[in-house]
Amino acid sequence: MSVHRDCILIVLVAGIGDLILASKGIRAIRNGYPEAEIHLLTSTDAAPLARHYPYVDRVWPFPIRELRRSKGSAWAVLGLIRRLRRFPFRLAVNLYSVESAAGALKMGMLFRAIRARHRAGHDRNGFGLFLTKRIAPGTFFADRHFSEAVLEAAVAAGGVPDSKGVDVFWDRAVEGRWEGFFPGPEEAAGAATGAPVVGLNPGSDRSLKRWAPDRYSRVADRLIESEGARIVLLGGPAETRIAGAVERGMRHPVVNLSGTLSLDDLAFVISRLDLLVTNDSGPMHIGAAAGTPLVALFGPALPGQFGPCAPPGCSRLIWHEIGCRPCPQVGCPQPRCMDMITAEEVFDGCRGLLRTRLHSNEATTRGGIS
């Protein structure tokens with residue numbers, strides 16, 4: 001006889017970085033409902049990685065960016081809602097912040113259309129009118145890190161937190177494509193003296209978050225000349241122009257992988273880097289979750305709210321105080337927040353992390369021999 005499983009829908013219609021930051025909250029809901037069938041409604045951007053999370057049973061891609069570009073995507077949304085209505089959800093919980101009354105109305109209509117028995121989320125901008133479990137707005141996203149705010153929402157919905165950090169997963173089948181690109185296990189003992197592999201991620205979803213390509217070029221050249229680094233340029237299909245500008249501005253050759261990687265490939269490549277230099281972006285959060293040392297450059301966003309959840313000592317956040325942060329603008333006539341970051345301080349941050357890696361590997365090698 002089959003045993004009925006409760007169905008729970010987690011709503012996190014957000015980007016790749018937000019998915020990773022929310023992974024503690026999603027995992028907490030699995031801990032709180034270990035026998036449930038857990039569904040995740042997330043963006044089409046984040047869905048490819050979300051499918052590999054072991055504590056999620058089914059992922060539903062929501063075309064949020066496509067809907068903003070074309071109203072024709074509304075038909076796809078209606079079809080998605082019809083499919084979701086086939087499941088008797090015991091609980092639907094929204095883990096993301098609702099930033100406007102219009103957003104609250106749209107999310108509320110989605111929750112009502114899904115017909116979940118219980119509906120949880122933060123009571124902000126009128127969204128509480130659609131909920132059966134309301135989280136006080138003053139205790140959610142204000143003045144705290146996004147990952148902790150999401151975790152609090154998950155716990156309020158019945159989740160059980162654990163002591164683990166954020167997670168990222170990828171399709172292990174892609175790893176075979178990179179044989180020979182990175183040092184193998186046999187070479188690991190000599191990694192302390194080998195050339196470090198440094199990835200540069202000069203793109204981001206907002207132009208205001210992007211550091212100038214020529215400054216990335218200067219840092220990359222200095223890492224090659226000073227540290228003997230091997231430079232790898234990263235980026236999605238829409239970021240090949242930015243990566244190309246970095247490559248053209250350099251004196252030394254690089255490996256340009258921009259526009260050639262699937263999201264699974266990108267996650268694996270980042271996990272194998274000795275260092276990632278990146279703007280505030282999804283790849284930054286992938287690197288933090290994978291334990292890759294990283295230098296992260298922050299402009300319009302608050303580092304204390306959206307900074308990487310990296311292991312202790314594995315990250316350097318570079319930013320400068322400016323009165324207009326956080327900045328909600330898509331464009332800015334004078335984007336000083338990123339211009340204030342110098343190539344010298346980024347290089348110093350990179351060198352510090354690479355030297356820490358060198359000393360750590362040397363100590364590990366000496367310990368292994370004795």
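Predicted model: local features only at pLDDT ≥ 70, side-chain atom pairs only at ≥ 80, totals over all residues.
Q: Is Arg-58 buried or exposed, or partly exposed?
A: The idea is to look at the relative accessible area: under 20% is buried, over 50% is exposed, and in between is partly exposed. Arg-58 has 39%, so we call Arg-58 partly exposed.

Q: Now for salt bridges. Why can side chains pair up like that?
A: When charged atoms come close, side chains of opposite charge can pair. In this model the count comes to 17 salt bridges.

Q: Which residue does Arg-30 form a salt bridge with?
A: Arg-30 pairs with Asp-57, and their closest N and O atoms are 2.7 Å apart. Arg-30 belongs to helix 2 (residues 23-32), while Asp-57 is in the loop between helix 3 (47-50) and strand 3, so the pair links distant parts of the chain, 27 residues apart. Arg-30 is buried at 13% relative accessibility, whereas Asp-57 is partly exposed at 41%.

Q: What does the pair of Asp-221 and Arg-251 tie together?
A: Their side chains meet in a salt bridge, 3.8 Å from N to O. Asp-221 is in helix 8 (residues 213-227) and Arg-251 is in the loop between helix 9 (240-248) and strand 9 (255-256), so the bridge ties together parts 30 residues apart in sequence. Asp-221 is buried at 2% relative accessibility, but Arg-251 is exposed at 59%.

Q: How many residues apart in sequence are the parts tied together by Arg-355 and Glu-227?
A: They are 128 residues apart, because Arg-355 lies in helix 14 (residues 343-369) and Glu-227 in helix 8. The closest N and O atoms of this salt bridge are 2.8 Å apart. Arg-355 is partly exposed at 35%, and Glu-227 is buried at 17%.

Q: One last residue. Where is Pro-293 found?
A: Look in the loop between helix 11 (282-290) and strand 11 (294-297). Pro-293 has a relative accessible area of 19%, so Pro-293 counts as buried.

Q: Which residues is Pro-293 in contact with, leaving aside its neighbours within four places in sequence?
A: Among them are Leu-273, Asp-274, Cys-314 and Leu-353. Pro-293 also lies 9.4 Å from Ser-271, C-alpha to C-alpha, with the two 22 residues apart in sequence.

Methods:
Residues numbered from 1 in each chain as written. Heavy atoms only, no water. Buried < 20%, exposed > 50% of the residue type's maximum accessible area, 1.4 Å probe, protein only. Helix = DSSP H or I, 4+ residues; strand = E, 2+ residues; numbered from the N terminus. Contact = heavy atoms within 4.5 Å. Salt bridge = Lys/Arg side-chain N within 4 Å of Asp/Glu carboxyl O.
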